[in-house]
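Here are some reading notes for a colleague who has the coordinates open. They are arranged as numbered points, to be checked one at a time in the viewer.

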Amino acid sequence: MSDINRRDFLKFVGAGGVGAGAGFYLADASKKTVEYLIPQVVPPEDYVPGVASWYNTVCTQCDAACGISVRTKEGRAKKIEGNANHPVNQGGLCARGQAGLNALYNPDRVRTPLLLEGGRYREISWDRALTELGRRISSLRIQNQIDKVSVLSNTQSGHIGELLDRFIQLLGTDHYAQYSVTAPHAIQEANRISFGEPTLPYYDIANADVVVSFGADYLGTWLSPVHYSKAYGKLRQGRDHRGTTVQFESRMSLTGANADEWHAPNPGSEGLLAMAMANVVSRSSAVADAGAWSQSLSAYAPSRVAEQIGIDADKIEAVANAFASGNGLALAGGSALAGTNGVAVQVAVNVLNYLGGAIGREGGVIFNSDGPASKAASFAQLTEFAQQLGDRGTEVLMLLDANPVYDLPQSAGFSAAIENVPFVVSVNSFLDESSAMADLVLPLDTYLEAWSDASPNPGVGFSVSSIAQPVVQRVFDTKSLGDIVLGLSAQIGSELPIELPWTSAEEYLRGVWLDNYLAAEPGGNEKSFETFWRSVLSAGVVGQRPASVGGANVSLNSSATSGMDFGVGDFSGSESERPFVFQPYESVMMGVGRTANSPWLQETPDPLTSIVYGSWVELNPATAKELGIREGDLLEVASDSGTLTAPAFLYPGIRPDVIAMPMGQGHTEYGRYAKDRGVSPTRILSDLTDSRTGALATAATRVSISKTGERHGLIKNDGITRTLGRQILGPHSGGH
Amino acid sequence: MSEATYQEPRWDEVNRDVLATMLNTGPRYWWLLGISITVALVCFFGPWAYQLYVGVGAAGMNRSAVWGTYLSNFIFWIGLSHSGTLLSAVLHITQSDWRKAIYRSAEAMTLFSLMTAAFFVMVHVGRVWFVHWSAPIPNEMDLWPNFRSPLMFDVMAITTYLTASSIFIYMGSVPDFAAVRDASTGMRRRLYTIFSFGWRGTAKEWHTLGWAYTFFAVFVIPLAVSVHSIVSWDFAMSIVPGLHHTIFAPYFVCGAIYSGTAGIVTVMFIIRKYLNFERYIREIHLDNLGKLLVVLSLIWTYINIMEVFTTWYGGSSFEMEALKWRLTGFYAPLYWEMILFCAAVPLLMLSKKIRCNWKYMLIISILINIGMLTERFIIVATSLPRKFLPDSYGFYFPSGVEISITIGSFAIFTTLFLIFVKWVPSVSIYEVKETLKPLKRGSVEARS
Amino acid sequence: MSIVEKYKKYRKAGYFDKFDYHWGMTIDLDRCTGCEACVVACTAENNLPIVGEENYRLKREIKWLRIERYWDGDYPDAKLNFIPILCQQCDQAPCETPCPVGATYHNQDGLNTQIYNRCIGTRTCAVYCPYEVRYFNWFTYKWDAPLEQQLNPDVSVREKGVMEKCTFCIQRIRDAKDTAKDEDRRRVRDGEVKPACVQSCATEALVFGDLNDPDAKVSKLYKDKRGYKVLEELNTAPSVVYLKKVKAHV
Amino acid sequence: MSISVLDALQPFKKAVFIGLFGLFGLVVGVWANTTYFSDKAPVQPINFSHQIHAGENEIPCMYCHAHAATSTSAGVPSVEKCMGCHKAIATDRPEIQKLTNYWNNREPIPWIKVHDVPDFVYFPHKRHIQAGLECQQCHGDVQNMAVVTRVSDLKMPFCVDCHTEREVEHGRDCWTCHK
C-alpha cells in the first residue's frame, strides 16, 4: 500500500471511529436492564421470600360460603383453592370461586372514596368522606328526621350482619332492607307451611339412590353447587351402587345435562307433576298416614294430569316407582320455583319427599337444627322500599354492596327513586349501575381483604362456622363494611360509639367469638381462646361432625296442602300474541351479574353452549326452523313490559315453546370487562310475583320473538357438537 | 415472424442482440424496476415489519388452522423453482438443443423463486429472530436442531438446492460474462473480468466447463426431486386427515415441475417480447413446452384422482370428512377452479394451433399457475381446520396482511429477475451459437 | 452413550418406565359435570392470558384444558356429553418429532414438555397434534394493572410467537419433588401432587398420579373396565385414560 | 486491457481496507465498553462492603441471606436486620447514617441486583446449597470484595457445564432449570 494519501488515511480513521462507536453502542445495548432487590423494612414473622404461604378464609362469590385456601407469595394472592377441611366444599371450588382473584386485583375497583362535585367524582380522603356522611346523618337525627335515612343492603350474614343490624337499630331508622336476588323465598316459605321450619334443609344427595330434581340446577347454581357436586361425584362412582338422577325442567340446565333422564314438563306444571308422583308413591308409602294421603291425592293420578303436565303417564309412574323403591330424594328450584305458584310446587315436593320417607333420613332431607331464617326482602317489599324513598322524602340513602338498579326489573322503579334522593351513598368495591348514581362512593374491601365470619346456609347437617380473614394487604385505600359501620358510628356520635365501642371489625369479631367461646367452654379463658382463635384461623373452619347426620325431627302438617292450588301457574301476556314462555336462568359463570367483571369468567365458555362474552337467546332448533332463524341471528324478544335484542342460539335441550336467556350480562357500568356487553333478561320481566312470598316470578313472563334481520356472530368455543360417529366418548358410544 | 421467413442470426448478431439487452437500457425498464421495488416494499416488507412488531396474529391464522397462506406460498415458490433444473439439466443430458435459448432464464427463475420461498419461511415463523437455532451451529450448551424433524430436512434440502443451482447457473454463464467483458469498457469491464474468472476460451477451458456442467446437471436433478419430496413430507408426515398421504411426494414433485414449466412459458413470452429475442426464442420452444405441459397435466390429474380414490377406498371417517369438506365445503369453488385450470384447460394444448400461439400459451400458463397457487392453499386451508375432534373444528381465512404479503412476493421475484436481465445475458450466447449453422467463407470479418 | 444407543433408547415408547415417575391421569366422564371449574383453575395457575373478545372470535383463545361438548339425539331425547380435553402427554407424541429446534420433547417423567424459550414458532407441533391442545401466542398479551399481581411466579409468562400447552402443572411436580428431597424421601407420595384442574374438581372426576407406582390410585383406575383412550387408533399412546360415562335409566 | 482477475481487483483494495479498519474498530469498541463501562459491579445506594462483614468480621453468608438453604431465593436482609447491629456499631460512619435514615423513614433500601437470572429460569438456592456448593462457586470470593462484582455471567453454559461435570440427576433436562 504505497499509494496511501491523506484522504485515504482519513477514510481509514473515520471507518475505524465509526466501527468503534457502533461496537460500543452494541455492547451497551446488549446489557441487562437494572433490576432492583427491595428488602422488607420489617419482615412479617412467617415470611420467607420464594416460599408460598396459604391462608384459609371464606368465599363470598355466591351465598354458599365455601371454605377456601389462598396461596400467597411475596404478599400477593396467587391462587384460590378449596379448603379440604371445610365440610361444605371439601377441597373443591367452582369457576366463580377460582375467579375471586379477578375481584381482588380488578383494574376497575374503586380505589379511594369518591365525592360527586359538579357532575364529576373527586377523590377524597376517608376522614372527609365519613365526616361528610356522619354530619348529614347526625343532623337528621338531631332534627328527629332519622326516618329520612334509608339503608338498602346486600344480605349480610354472620356477625358483621349482626353488627350492621345493631347499628341500624341504634341509628333508629325503620327504612332498612336487605336483599339477595337468589334468596330461596319459596323453599323457606313452603318449609314453614309444611314443617313449621322456615329454613333451608340439608339435602343429602350423596347417599340418595334416585335424585328427582324439579328445575333445581344443583350442579350449576342452586344453593350450594360445589357441595352438591361433591355429593354427586360420590353418588355416581364413589360408593358401591351408582345412584341415578332425573331432571324435570323446561330448559336443560347443567344438572339436566348430567342427569340420566331429562324431561321437559309444561312450564309451571311442576307442582302437578310432583303431586302426580306423590300419588303413585303414596300407594306403596311406608309412612303412617299414607292411606289418608293417597285418598287426598287421588285427584292427581298420573293418567288424569299427564295431559296438563305434558309427560306420558307411564313415564311419570316409572320415575315415581323408582323414587319409591330406592332412597328417593326430590328437590325443587330454578324455574320450577320461579313461577307464581312457587310455594305450591315446593309444598308438593315436600309431600313427595315425605311420602317417600325422605324426611330426616340419610340420603334425604335433613333439617339443620340451626338454619337461620332469611332476612332477605322479597320483590314486593323492595318495590315498596323504592316507593317509600319518595313518599317519606328520604334525604340520605345508603346502598351497602347493593345494586338494585341492575338486579331488579325496571318495574321495581329503583333508578327513578334513587334519582330523586338528595344524597346517595354507595358502599361498593366497584362502580356498578347504582354506585354510578351515588353522590358519595365508599370503596369496600373485597372478601379477600376483610374480616368477617360465616355459617354456611344451607348447612351441612351439623353446625359449622368459619372466620374470613384478610389474605393480603389492601390493594387500594379501601375499608371493610364492619370498619365503615364502626367509623361512621364514631362520626355520628351520641350513644352510638358507646354502644359500638370497637375500633375495628377484627376487634369486634374477636370480641364476639370470645364471648361465644367462653359461653361454650366453661373452663375457657383469654389465653386458651387465643390458641382456639389461631386454630380456627389456620383450619379455616370450626365445627364437630356428629356420629350420624340426623336433623331436627320434623313431620309434615296434615294441613300443609289445604288451600293450595297445585295447578299450572299464571303468566303475563296472552298466549296468542306472546307464544313463548321466557325463562331467564342464573348463569354458571356470571351468576346474576356480580361476577360479570371478571375477565377469566368472561373468557370461560358457558358449560352448556360454550359461548363467551355476551348474552344469547336459547331456542329449540325446531322452533328456529319454523321461524327461519339461524344461529347468530339478532332476535327481538318482546314482553308486555319491554323488549330486548340478543343473538339466537339453537339449543337442543329446551322445549319448543320456551325461550331461555342467561342472567348476569348487560351491565351499563361495572368496569371494562362487564360494561356494555350483552343484555340483562331481567329488564323485560313482568312484575308478577309469587302469590305467597311476593318474590319475583322470573319464569312467569310470556314473550314473542322476531328477527331484526341483523346478524351478530356468537363468540363460542364449539365447532361441531356431534361426534360424527367417532369414538371420542368411548368405544361404541355417541350417535350421529 | 413465421418459420418460413425465419432468418437465422449470424454469430456476431447473437453477441450484438444479447448484449444489447444488457448494455442499452430504456426508461421502460427503469419504470418497471421502480414499480416492482415499491410494490415489494409496500406490500411485502411493510406488512411484514408490522407483523414482526405485533406478532403473527396479524395474519388470519387461528387455533386449529395454525398454518396459512405463508406456508402454501412457500410451497408454491419452491414448486416454481423446479422448472430451471428440469430444462437445463434434464434436457442438457438428453441433448435436446432447443433448450439452449431458454435455459438461462429458466435457471434464473429457479434461483429467484427459491429466494422468494426462503422469505416466506421467515415470514411464517413466530420468532424469526431465533431462526438460526434451526441451523446446526456447535455451541457450549450442546443444543442441536432436531434432526428427526421434516422441517429440518427442509432446511438442509433447500439450502443444498439453492447452493447447487446458483453454482450451476453461474458456471454456465462464465463464457458469456467473458463476452460481456470483451464488449464493454471501464467499470463494467472490470466487474466482468472478475465475474468471468479471466476466461480465455481455450480448448482446455471449454472442455473443463463442458464436463463440469454435465456433472452439475446430473447432480442437480436428484436434488430437485428430493427438495419437493421433502417439502411434501412436512405435510405427509403429519397424521392430519387430507395431508397424511403416501402419494404426496410424487404429487408435489410433479405439481412443482408442472407449475415451473408453466412459469417458464410466461417468462419466455416476456423476455422474448420485451428483450427482442424473437429470433432466438421460437415456436419450437413453445411447441415442446406445450407438449411437456400436456403430459404433466395428465400425470397431475391422475394423482389427484388417486388421492380421492385412496381416501374413498380407505374409508376412514376422518379422511372422508376432510375430503367431503374439500370437495363441497366453503373452499369447494377454489378446488374446482383448480381442477378447471390445471386439469381441463391444459388439454387445449393438444391442438398445435393453440400450442404454438404465444398469446394463448401466455394465458394458459398463467391460468395453470393460478391453479397451482390455489392447490397449495387448499391443501393447507381445508385440512388443518378440520382434524379429529369435531368440537375443535375451526375455519381459516387469510387476513389483509397475508394477502398483501402474497402479492408482494411476486414483486420481489420480479425485482430480482429485472436485476438479473441487466447483469447476466438472459440467453446463453455461446450455446445458442452452437445451434447455428457453421459459418460460410467470406464472412470471416464478421467474426468478432 | 453412543448416539445410536441414545436414539434406540428414546425411540422406545414408554422408555421412561425405568425412571422414577410416569405421570398419568384418569378422567371419569361419569363424574365430570362439565362445570368448567378446572378450566378457570388452569387459567389461574398457569398464567394463561386474557386474549380479549376479538381474538376469541378468531378462535385464538388459550385454554390448556378445555371441555368439549357432544350432543346425542334431538329434542326431546337430546343428551349432552362433556369431555375435558387437555394434553394427553402421549408416549408416542406426534408433536415431538417435527419441531426443528427440539423445543418440545419427552422428559424422563413421561411428560411431553414444551420449552417456551426455545420455541421459534413454526407451529408444526400444533399441526401434528391430533388433540389440538397446543396453543400459540399470536401476540404478546398484557394484563391490566393490577391484575398482573396475580401472575404465578413459578410459571413463566410467554411472549408472542411461542407455542404453549398443558404441562400437568410441572411446577407443582417440581415442588413436590423438592419437598421429597428435603424430607430425604426418594419418591413423591401418591396424591402429593395435584395439578390445578385435579385439585379444583368438585366431583373428583380427575385423578392424577404416578403410573409407575402400582398402588397409586391412578394406576388402579387406569385398569378400570370403563377405561379408554381418546383417538387410541392413532397409536399415540396417551397418558390420559378416560372412564366412559355410564348410560342408565330409572 | 488485460483480462487477469488480479488487475481487476486492484481498485477495490482501499475499500477492503476501509472495511477491515471498521471491523477492527468494532472489536475495540465492544472491548472498551465491556472492560471500562461494565455493569458487573453497579454502584449501590449504600456502599456496603462484604469485605468488612463477611471477610474481616467473618459473618457467615447465611446470617444475612438467611433463606438460601431453605428457599429458592437466598433473601436479602431486611433493614431491621441491618439495624439490629448498626443501632450500636459504627453509627458515626456516613454510610451507616444513610442506613439509619432509611430505617427512620421506614423505607426499604433499593439495592441493585448484581446476580440476576431471566424470568424463564428456575434457580432454587436451597438445592444448590444442600448439594454442598459453596456460595463462592457462583458468586466469587465475595468476602474479599469491597464492592460486589459479578464474576460469572450466569448464562446457560455456566450452569450446563457444572451440571455436566457433577453429573447432576436429570441435570441436562430442560425442565430442570427452565419454567
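**Notes on the predicted model**

1. In the nonpolar surface patch, helix H2 of chain D supplies the largest share, namely three residues. Please keep in mind throughout that this is a predicted model. The patch is formed by A:Tyr25 and A:Leu26 together with D:Leu23, D:Leu26 and D:Val27, and the accessible area of these residues together is about 520 Å². The elements that give two or more residues to the patch are helix H1 (6-29) of chain A and helix H2 (13-36) of chain D.

2. A:Leu26 counts as partly exposed because its relative accessibility is 48%, and the partly exposed class lies between under 20% for buried and over 50% for exposed.

3. Chain A also holds an open sheet of seven strands with mixed pairing, in which the order is E6-E5-E17-E16-E15-E7-E8. Its edge strands are E6 (120-123) and E8 (176-179) of chain A, each of which pairs on one side only. With direction ignored, neighbouring strands of this sheet are turned against each other by 20 degrees on average.

4. At the E8 end of this order, strand E7 (residues 149-154) of chain A runs parallel to E8(A), and four bridges join the two. A:Ser153 stands opposite A:Gln178, a residue of E8(A). Helix H5 (residues 158-171) of chain A packs on the sheet, where it touches E7, E8 and strand E15 (396-400) of chain A, and the direction of H5 makes about 160 degrees with that of E8(A).

5. A separate pairing deserves a look in chain C, where strand E1 (residues 23-28) and E8(C) are antiparallel partners over five bridges. Within this pairing, C:Met25 has C:Phe208 of E8(C) as its bridge partner. Strand E8 (residues 206-210) of chain C is mostly covered, and five of its five residues are buried.

6. Is D:His163 buried or exposed? D:His163, which lies in helix H9 (residues 156-165) of chain D, has a relative accessible area of 13% and is therefore buried, since the cut-off for that class is under 20%. Leaving aside residues up to four places away in sequence, D:His163 touches D:His128, D:Val168, D:Gly171 and D:Cys177.

How values were computed: Residues numbered from 1 in each chain as written. Chains lettered and ligands numbered in written order. Predicted model: local features only at pLDDT ≥ 70, side-chain atom pairs only at ≥ 80, totals over all residues. Heavy atoms only, no water. Patch = residues over 30% accessible without salt bridge, like charges linked within 9 Å, V, L, I, M, F, W, Y side chains within 5 Å. Areas by Shrake-Rupley, 256 points an atom, 1.4 Å probe, with all protein chains shown as cover. Salt bridge = Lys/Arg side-chain N within 4 Å of Asp/Glu carboxyl O. Buried < 20%, exposed > 50% of the residue type's maximum accessible area, 1.4 Å probe, protein only. Pairing = 2+ DSSP bridges. Axes fitted to C-alpha atoms, helices over the stretch in contact; angles between N-to-C directions. Contact = heavy atoms within 4.5 Å.
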